[in-house]
Structures are given as structure tokens and as C-alpha cells.
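The structure I consulted is shown first.

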Amino acid sequence: MAAFAKILALSLIASGASEALSYVLVYRTEQFQLVKQKVVQSEIRLEEEKHATAGNGKHRQRRIDSIEAQLSAARSKASSLQLRNMLVVALIQLVSVYQIGAIYGGVAVGTLPFEPLSMFRSLTHRGLPEDSPNNACSATFIFVLGGLMFKALIDRYLQLGMPKGSSLPKWVTNPEDVISGGKK
């Protein structure tokens, strides 16, 4: 159990370091803050325009299309600003996973309460010998799951990146509109 806690602590440290680096490289820059502000303003204008009843259909649709084009351009700019950061964070995570594998290679640090499906067994058994029990968990698996969990929690708590609603596809945010084809 001590190894499990150490791995989770290392996962928290690696996730925290990645997010701190993201803050330094991207999120605190004036350029990113301007793009983020433009995205938020465009989303508000788009919602107001969609719910407005004034104006004829064609002119209103052109305004909506114009706002959506501005929003798409701003999101694209934000993605390009985040690209360098994503590469650095991926490198940190790869080095961390390699180090965890080197330290805890061949040691089962936990057991699952079930036997994983064969397609997931290679993930849960990474670095474990073939003769280990089917429900054994490797340190790499725990580290990666912990990293995903801690990164999501840190992102949600600090709210550094782009607003989450802006990156969700339309079928997630408004499935009824997609199913009905936008007609009510």
C-alpha cells in the first residue's frame, strides 16, 4: 500500500509540475489572455444572437455565421498557442512514466477487484511478468490514471485554460438541436 501512495504522490507532483509549466508558457501570457477574452465575448454574442427574435432570417443568419467564424478563428489561435506547451508537457509525462517503470518494474502495486478484459490487460500489466495474477496492477497503470485524475482536478479547480464549454462539440452541449436538425 505504501508503494501505491508513493505512486499517486509522484503522479500528483508530475501533474502539478505540468500545469505550472503550462501556466508559465501559455496561460499567463497577454496574448493567450486576449484570445481567451475574445472567445468568451464571441460565445456571449453568439448566444445573444441565437436567442434574439429581432431581424429577418437571412440577415440574422449572416450575423450568426460571422460570429461563428470569429469564434472559430479565436479557438484556432488558442490551439496554436497551446501546441508548444502540449509538446513539453507530453515530454515531461513520458519521462515520468519511464522513470516509474524503471523504479517499480516487475512489481504489482495493487490488485483490481475484477479481471480486466484482454484488450485492457496490456495496460494494467505493463511492466509486470507474465506469471503475475490477471487482476494485478502495475505502477505505470496507477501513475497514468492518477495523472489523468489530478490533471483534470487541477484544470477544473484553477480554470486556467479555455472555457470548457467552448471546446465541446455541439452534439454534447445541445443534443436536441442536433437531432432535430436545428428546427423547432
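The entries below record what I looked up in this predicted model.

**Entry 1: packing of H1 and H3**

I looked up how helix H1 (residues 2-27) lies against helix H3 (residues 57-104), and I found an angle of about 160 degrees with the axes 10 Å apart. An angle over 145 degrees counts as roughly antiparallel, and H1 and H3 are therefore roughly antiparallel to each other. I noted that the crossing of H1 past H3 is right-handed.

I then listed the residues in contact. On the H1 side they include Ile-7, Leu-10, Leu-21 and Tyr-27, and on the H3 side they include Leu-81, Val-88, Ile-92 and Tyr-104. Sorted by class, this contact of H1 with H3 holds 14 nonpolar, seven polar and two charged residues.

**Entry 2: salt bridges**

Arg-75 is partly exposed, at a relative accessible area of 32%.

I also recorded Glu-115 with Arg-121, at 3.1 Å from N to O. Arg-121 is partly exposed at 24% relative accessibility.

**Entry 3: Lys-151 and Asp-155**

Lys-151 and Asp-155 form a salt bridge at 3.1 Å, N to O. I placed both in helix H5 (residues 139-158), four residues apart, about one turn of the helix. Lys-151 is partly exposed at 34% relative accessibility, whereas Asp-155 counts as buried at 19%. Through shared partners, salt bridges join Glu-19, Lys-151 and Asp-155 into one network.

Terms used: Residues numbered from 1 in each chain as written. Predicted model: local features only at pLDDT ≥ 70, side-chain atom pairs only at ≥ 80, totals over all residues. Heavy atoms only, no water. Axes fitted to C-alpha atoms, helices over the stretch in contact; angles between N-to-C directions. Helix = DSSP H or I, 4+ residues; strand = E, 2+ residues; numbered from the N terminus. Parallel < 35°, antiparallel > 145°, perpendicular 65-115°, else oblique. Left-handed = near helix turned anticlockwise from the far one by under 90°. Contact = heavy atoms within 4.5 Å. Nonpolar A, V, L, I, M, F, W, Y, C, P; charged D, E, K, R; others polar. Buried < 20%, exposed > 50% of the residue type's maximum accessible area, 1.4 Å probe, protein only. Salt bridge = Lys/Arg side-chain N within 4 Å of Asp/Glu carboxyl O.
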